[in-house]
Amino acid sequence: MDYGNQSAVSDFVLLGLFHAWNIQVLLFSIFSILYLIIVSGNIVIVILIITDPHLHSPMYFFLANLSFVDMWLSSNTTPKMITDFLRKNKTISFGGCMCQIFFAQCIAALEMVLLVVMAFDRYVAICKPLHYTTIMSLQKCTGLVVTAWTIGFVHALSQIVFIVQLPFCGPREIDSFFCDRPLVIKLACMDHHNLEIFLNVNCGFVAITSFIFLLISYTYILLTVCKSSKAGASKALSTCTAHITVVVLFFGPCIFLYVWPLSITWVDKFLAVFYSVFTPLLNPIIYTLRNKEMRNAMKRCRSYSMYS
């Protein structure tokens, strides 16, 4: 599948979310605030987990990685979207566009695998509690995180290596606020049907495999919880509910954006905004509000800052 470097396009035009100036100014204010909350919220989680000894466990080690990835997920597209609200000409360079696609694919696959790792951690903690410290040692936890990053990088590389070689020589308008992979491929001056199928299958393999592992893990957890004591079941269900909520919030938009595109412009834009802004925003809220240990860590942090 060698197309050669025939691209004659040096940049692309992003049509954005809306065209009315007053709406764009309003969205600039709203998304600027949301982005600051995303970054600060996830940074707080990472710092709390690093500094609080009570949170030095595999579950919070994975949560810190998830929060870091969520910051990266939002930062890939949101700052560009925010600055473009105040620009008449919303352009992005060819290299910048390819970088957005690469990081979007890398982050999507990485977060999917991280969610599987977190589900596996809960499975071991609830279903095999006596072997938990042996199975989830620091070395194995680090290995699982490195594996997740490796899968994300390899997956993104397997996509971008084909996209970057496509011949872009004509239309350069993208009806979105970022370089959405399916929309960029449609601009290529060639028959892209087979490539689109290949890339969708590639994404589908990662998504479906991750989803199957998640389904198996949480099925075993729920079956074990049903057999355990009421107090233990309540705590396990509380933790798992937060995890399952995050899984649904992430997988829902991700599947319709990259695995099974709907090709309905306003729906795609809504899902893209939800995926890149609201998912990273809701994750820290879900984990802090529903997690007693995180709330206690925040109280300890406030107490320490007041008396220091």
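1. In this predicted model, a patch of positive charge on the surface is formed by Lys292, Arg295, Lys299 and Arg302. Arg302 belongs to helix α11, which covers residues 292–307. The relative accessibility of Arg302 is 48%, so this residue is classed as partly exposed; the exposed class begins over 50%.

2. Ile208, Ile212, Ile216 and Tyr220 together make a patch of about 390 Å². Ile208 is placed in helix α8, residues 193–227.

3. Helix α8 also holds Glu196. Is Glu196 buried or exposed? With a relative accessibility of 17%, Glu196 counts as buried, because the limit for that class is under 20%. Apart from neighbours within four places in sequence, Glu196 is in contact with Pro182, Ile185 and Lys186. For one of these residues, Pro182, the C-alpha atom is 7.5 Å from that of Glu196, with the two residues 14 apart along the chain.

4. On the overall fold: the protein chain contains 11 helices and 3 strands. Their order along the sequence is β-α-α-α-β-α-α-α-β-α-α-α-α-α. Of the contacts between residues at least 6 apart in sequence, 78% link residues at least 24 apart.

5. On burial and surface: the chain has 308 residues, of which 48% are buried.

Note on methods
Residues numbered from 1 in each chain as written. Predicted model: local features only at pLDDT ≥ 70, side-chain atom pairs only at ≥ 80, totals over all residues. Heavy atoms only, no water. Patch = residues over 30% accessible without salt bridge, like charges linked within 9 Å, V, L, I, M, F, W, Y side chains within 5 Å. Areas by Shrake-Rupley, 256 points an atom, 1.4 Å probe, with all protein chains shown as cover. Salt bridge = Lys/Arg side-chain N within 4 Å of Asp/Glu carboxyl O. Helix = DSSP H or I, 4+ residues; strand = E, 2+ residues; numbered from the N terminus. Lys, Arg positive; Asp, Glu negative; His and termini not counted. Charge placed at Lys NZ, Arg CZ, Asp CG, Glu CD. Buried < 20%, exposed > 50% of the residue type's maximum accessible area, 1.4 Å probe, protein only. Contact = heavy atoms within 4.5 Å.
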